[in-house]
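Dear colleague,

I am passing on the structure we spoke of, together with some notes on what turned up when I went through it. Please read the notes with the model open beside you.

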Amino acid sequence: MMLFPLKLFFRDKIILAFLIGAVIVNLVMWVYLPLAIKPTKAAVFLHYTVHLGVDFIDSWSNIFNLPFLGLIILLANVVLAYLVYYYKYLSRLLVAGTAVIQIFIFIQAYFLAYLNF
C-alpha cells in the first residue's frame, strides 16, 4: 500500500470542496443546536418516530450527540479516504458520502429542535 503525501490529498479540488462543505455543516450544527434548544434542567425530547411518537427523553446536554456523531463519521471517513487515495474515485466517493451524511444529520438536528420548540 502506497501512501500519498497529505498535501497532495488536500490539493484534490473535489475532496477539498466536499470536505469544506462537510466541516461547515458540522460547525453549523454545533452552533445551531444550543441556540435552538435553550439549556434547561428539564428533560428534552431526543428522538421521535411516526409509530411510537417521542421515544427517547434525556438531559439537555445529550443534544450534542448528533454533531459529535457527525464529527466522528467525518474524521473516520477522511482518514479512510486518505488511506485509499491510491484509488482516487473511491476516496472522492467517501468524502462526498461524508458531506451527504452531514446534511442528513443536520436535517435530523433541525427536526430535533423543532420537536423541542
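This is a predicted model: local features need pLDDT of at least 70, side-chain atom pairs count only at pLDDT 80 or more; totals for chains, interfaces and linings use all residues.

The crossing in which H2 passes H3 is left-handed. On the side of H2 the contact is made by Leu19, Ala22, Val23, Asn26, Met29, Trp30 and Leu33, while H3 contributes Pro67, Phe68, Gly70, Leu71, Leu74 and Val78. Sorted by class, this contact of H2 with H3 holds 11 nonpolar residues and two polar ones, with no charged residues.

H2 also packs against H4 (residues 88-115), here at an angle of about 15° and again with the axes 9 Å apart. That angle makes H2 roughly parallel to H4, and H2 passes H4 in a left-handed crossing. The residues in the contact of H2 with H4 comprise 21 nonpolar, four polar and one charged.

The remaining pair to report is H3 with H4, whose axes come within 9 Å and cross at roughly 175°, so that H3 and H4 are roughly antiparallel to each other. Among the residues that make this contact are Leu66, Gly70, Leu71, Ile73 and Leu74 of H3, and Ser91, Leu94, Val95, Thr98 and Ile101 of H4. By class, the contact of H3 with H4 divides into 13 nonpolar and six polar residues, and no charged residue takes part. Gly70, Leu71 and Leu74 of H3 deserve a look in the viewer, as they are listed both in the contact with H2 and in the contact with H4.

Finally, I would draw your attention to Asp12, which lies in the loop between H1 (6-11) and H2. Its relative accessibility is 8%, and because buried means under 20%, Asp12 counts as buried. Once its neighbours within four places in sequence are left aside, Asp12 is in contact with Tyr85 and Arg92.

Technical notes. Residues are numbered from 1 along each chain as its sequence is written. Side-chain values use heavy atoms; hydrogens and water are left out. A crossing is left-handed if the near helix is turned anticlockwise from the far one by less than a right angle, and right-handed if clockwise. Helices (H or I, at least four residues) and strands (E, at least two) are DSSP runs, numbered from the N terminus. Contact means heavy atoms within 4.5 Å. Ala, Val, Leu, Ile, Met, Phe, Trp, Tyr, Cys and Pro count as nonpolar, Asp, Glu, Lys and Arg as charged, and the others, Gly among them, as polar. Buried means under 20% relative accessible area, exposed over 50%, partly exposed in between (1.4 Å probe, protein chains only). Axes are lines fitted to C-alpha atoms, for helices over the stretch in contact, and angles run from 0 to 180 degrees between N-to-C directions. Angles under 35 degrees count as roughly parallel, over 145 as roughly antiparallel, 65 to 115 as roughly perpendicular and the rest as oblique.
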